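Okay, everyone, thanks for coming. Let me put the model up, and then I'll walk you through a few pieces of it.

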Amino acid sequence: MYNKITIDILNLFKQVIDSNRLLVDTNQLADYAHDETEDFHFFPEAVALPESPDEIAALIKICHTHRIPVTPRGAGTGLSGGSLAVHGGLMIGMERMNQILEIDEQNLQATVEPGVITEVLMQAVAEKGLLYPVDPASKGSCFIGGNISYGSGGPRVVKYGTIREYILNLQVVLPNGEIIWTGANTLKYASGYNLTQLFIGAEGTLGIICKAVVKLIPKPAENLLLFASFRSNELACEAVSAIFRKGIVPSALEFMERKGVAWVIEHEHLTFNLMPEAEAFLLIEVDGNQLDELMRVCEQINDTLEHYHCLDVLFAESASQKESLWHLRRIMGVSVKSKAIYKEEDTVVPRAALPTLIRGIKDIGQRYGFESVCYGHAGDGNLHVNILKGEMSADDWNNRLKEGIRELFELTIKLGGTISGEHGIGLVQREYMPLKYTPLHLELMQGIKKVFDPHQILNPGKIF
Ligand code: 2HG
Ligand code: ZN
């Protein structure tokens, strides 16, 4: 179905991109052969590092004509194997396209290239009193292009929404090498099918994003942060929906299991004491412009938590204490990875179903013989489930565990949820797609793919 990159094709690439931005050396390719997903390795045959949409378009045209698979790649922080070159071919890395092209303070918009690091954009707009609130745990290294392609979330979705709310317009190179803008730089769009939204979360299978117009909002002046300890996972999870029922909308509401927190403390050499009887924790942030109002909201949260036998609420006293508590949460995935062989699932259910979900996860674990560490964006009903290999035999780990994961997703779906909240389907979750979608639904999705990419050259082997 696909062709290999021959010397002749390499020469064609060299006609449209500087040869020092075309990597073919195995040592150089090794950096692009993996992302943050478990321990997968797939080598592309070549990596191109373009500096403009025109260069991307010229490369893609060659690949389109010669049926060479193309894998777009951001920073390689993905957790579903979406940027792995599973069919070899050409990888297009976005790291050279890393400019913030404009911050439009009149319209509260910014135009950025896809290789901009998320936190760099956040800081640049913060200097102008503005907020770009989509801040995944890896904000210090992930690229905005990857965030768009995976419909990224992160802790502040609970108040501000996912990246879907913040992308107004995209410039995209299509799989045939044509360049289009998908929409308009407007806050409203009722002008036919919304192609912008279609490209968000498309995991690089429909086109390559080369510019994005993002929406900004005024930055709230104040925030307060609480760290609450609970006797059990269920009690912590029950408290989550109770907070919203009180009419409170926190700017973050994160859940963490004790084992995860303890591993971070060990991994990061922190001096942070956990109450001996605490099994689960909530990190709760509120933000706004009136400090006294936020204090009142925190009191209301405190009262609510008491109904769930909350053991203790730590109120972050300083900016550095807030930073440490956030670090504790953000580094959790990395700490688990350093400590254990694990598989990560990204379950999401309607918020009030969280206690049932976490009970079910532990129950499935007992039946299949695995432990798990759960943490994540509880305010969105989004739990990252890190399944630990522990004492499992290699055979159970590689084969029987699939049934356990299937049960986990069946439970998630039964509770009204789906198989990924923010990490995407990529390579690793695609076998579970038929659990969630009927053949007709999958056929419709594949029909869309065929319209954009009839030769299936763009990010093959992902989603389906
Ligand atoms: C988390 O909540 C993230 O820890 C990890 O989902 C993903 O930002 C990332 O890389
Ligand atoms: Zn997350």
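Let's start with helix 11, residues 319-330. Helix 11 has 12 residues and reaches 16 Å from its first C-alpha to its last, close to the 16 Å expected at 1.5 Å a residue; that expected span is 1.5 Å times one less than the number of residues. Helices here are DSSP runs of H or I with at least four residues, strands are E runs of at least two, and both are numbered from the N terminus.

Before I go on, this is a predicted model: local features need pLDDT of at least 70, side-chain atom pairs count only at pLDDT 80 or more, and totals for chains, interfaces and linings use all residues. Residues are numbered from 1 along each chain as its sequence is written, with chains lettered from A and ligands numbered from 1 in the order in which they are written.

So which residues of helix 11 are buried? Leu 325, Leu 328 and Arg 329 are. They cover an arc of only 95° around the axis, which puts them on the same side of helix 11; the arc is taken from the directions from the helix axis to the C-beta atoms. Buried means 20 or more other C-beta atoms within 10 Å of a residue's own, exposed means 12 or fewer, partly exposed is in between, and C-beta atoms are placed from the backbone. On the face turned away from the buried side you'll find Ala 319, Ser 320 and Glu 323, which are exposed.

What covers the buried residues includes strand 13 and helix 9, counting a contact when two C-beta atoms, placed from the backbone, lie within 7 Å.

Now strand 13 itself. Six of its six residues are buried, so strand 13 is largely enclosed by the rest of the structure. Ala 252, Glu 254 and Met 256 point one way, while Leu 253, Phe 255 and Glu 257 point the other. Strand 13 runs antiparallel to strand 14, with six bridges joining them; strands pair if DSSP finds at least two bridges. Met 256 has Phe 281 as its bridge partner in strand 14. Strand 17 also pairs antiparallel with strand 13, over two bridges, and there Phe 255 partners Gly 376.

Last stop, strand 8. Six of its seven residues are buried, so strand 8 is largely enclosed too. Six bridges join strand 8 to strand 10, antiparallel, with Ile 167 opposite Val 214. In the hairpin of strand 8 and strand 9, Gly 177 takes a positive phi near 95°.
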